[in-house]
Amino acid sequence: AHLPWEVRAELCAYVRKVRRVSLALRLTPDDEVALLTHALAQAEGSDPRASATSATGGSVAVAPQPRQALRDETISEVLRSRVELLRAVMGHEPSAGELSVQLPLPT
């Protein structure tokens with residue numbers, strides 16, 4: 001099922017404006033991580049601009065526009081950063097290759 005909006009772009013807008021969303025309307029951290037992870041996995045697994053169906057039903061290659069590619073990369077970075085923040089706040093252990101830093105809190 002195709003949605004009339006781009007889910008990754010909408011999630012990116014949500015992440016950028018989440019401070020302005022009332023607590024009662026925010027996604028739970030678990031739900032947010034699940035959505036963000038799913039959106040990132042779909043983006044990395046298949047790019048809808050990578051191929052298109054021609055009038056004869058065959059697949060033709062379509063190169064992404066430079067601005068669009070940069071926009072997609074920016075959206076992915078925002079989503080990845082939010083996932084890492086939420087995982088840190090939720091107390092998830094870092095996976096291989098991640099850096100774990102503990103900072104002392106002032107008393």
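These legends walk through a few views of a predicted protein model. Local features need pLDDT of at least 70 and side-chain atom pairs count only at pLDDT 80 or more, while totals for chains, interfaces and linings use all residues. Residues are numbered from 1 along each chain as its sequence is written, and side-chain values use heavy atoms, leaving out hydrogens and water.

**View 1. The whole chain, for orientation.** Here you'll find three helices and two strands, in the order α-α-β-β-α along the sequence. Helices are DSSP runs of H or I with at least four residues, and strands are runs of E with at least two, numbered from the N terminus. Of the 107 residues, 19% are buried (under 20% relative accessible area with a 1.4 Å probe, protein chains only; exposed is over 50%, and partly exposed is in between).

**View 2. A nonpolar patch on the surface made by L3, W5 and V7.** Together, these residues have about 290 Å² of accessible area (Shrake-Rupley method, 1.4 Å probe, with only the protein chains shown counting as cover for residues). A patch like this joins nonpolar side chains (Val, Leu, Ile, Met, Phe, Trp, Tyr) within 5 Å, from residues with over 30% relative accessible area and no salt bridge (a side-chain nitrogen of Lys or Arg within 4 Å of a carboxyl oxygen of Asp or Glu). V7 sits in helix 1, residues 7-17, and counts as partly exposed because its relative accessibility is 36%.

**View 3. R26, in the loop between helix 1 and helix 2 (29-45).** The side chain of R26 reaches two backbone oxygens: that of V18 at 3.1 Å and that of V21 at 2.9 Å. R26 is partly exposed, as its relative accessible area is 31%.

Methods:
Patches are made of residues with over 30% relative accessible area and no salt bridge: like charges are joined within 9 Å, nonpolar side chains (Val, Leu, Ile, Met, Phe, Trp, Tyr) within 5 Å. A polar contact is a pair of N or O atoms within 3.5 Å; within protein, one must be able to donate a hydrogen and the other to accept it, and residues adjacent in sequence count only if both atoms are side-chain atoms.
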